[in-house]
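Have the view open while you read.

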Amino acid sequence: MIAALATHLSVGTAALGLALAGPPRAMEESEVPGGYHEAMDLRGDDEPVDGDKKVTLGSVLFALGLIQTGGGVSSYITATPRFCSGVYGSGVSEQTCAGLRIYGIVGIAFGGLMAATGATFLGWGLIERQRHRKWMRERGFAVGPLLGPGQRGLSLGFRF
């Protein structure tokens, strides 16, 4: 009877503890179970970002921004009073030409902002690429101890 009472008491205490503990902490994707560190985490100098995605994005945005700016300039010039009736016909009103000039100005502004954003991303990506290449050159040849269960020796690594 005492054993049954002790069993119920310990089971109840465990259930209460689980109910009050809250949800377990989610493991990060790169986290090693048990709180141990991976060998790469112990090095301390992480590989820098290579910048390829920013270079690609910047190149595309810069080129499309220049095309948009060129189109906006073309729209603005053809909508000026000097060229408007010749390009859009003699029956076009001054109100229509004014609206087309505004359309050209918006195209110039949008294209300029897109080109500036692209140039920024392109420059940022090229700087990251330069840092990554420098990091790779400095770590081209690696020598380290090889220790493990039943293994003793020297580890050699080479990057190119």
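1. The protein chain has five helices and two strands, and along the sequence they run α-α-α-α-α-β-β. Helices (H or I, at least four residues) and strands (E, at least two) are DSSP runs, numbered from the N terminus.

2. Keep in mind that this is a predicted model: local features need pLDDT of at least 70, side-chain atom pairs count only at pLDDT 80 or more, and totals for chains, interfaces and linings use all residues. Residues are numbered from 1 along each chain as its sequence is written, and side-chain values use heavy atoms, with hydrogens and water left out.

3. Of the 160 residues, 14% count as buried. Buried means under 20% relative accessible area, exposed over 50%, and partly exposed in between (1.4 Å probe, protein chains only).

4. Which residues form salt bridges? The count comes to three, taking a salt bridge as a side-chain nitrogen of Lys or Arg within 4 Å of a carboxyl oxygen of Asp or Glu. One of them joins Asp52 and Arg129, with the closest N and O atoms 3.1 Å apart. Asp52 sits in helix 3 and Arg129 in helix 5, so this pair ties together parts that are 77 residues apart in sequence. Asp52 is partly exposed at 35% relative accessibility, and Arg129 is partly exposed at 22%.

5. Lys54 and Glu128 meet in another salt bridge (3.3 Å, N to O). This pair also links distant parts of the chain, with Lys54 in helix 3 and Glu128 in helix 5, 74 residues apart. Glu128 is buried, at 12% relative accessible area.

6. Arg101 pairs with Glu94 in a salt bridge, the closest N and O atoms being 3.1 Å apart. Arg101 counts as buried at 15% relative accessibility, whereas Glu94 is partly exposed at 46%.
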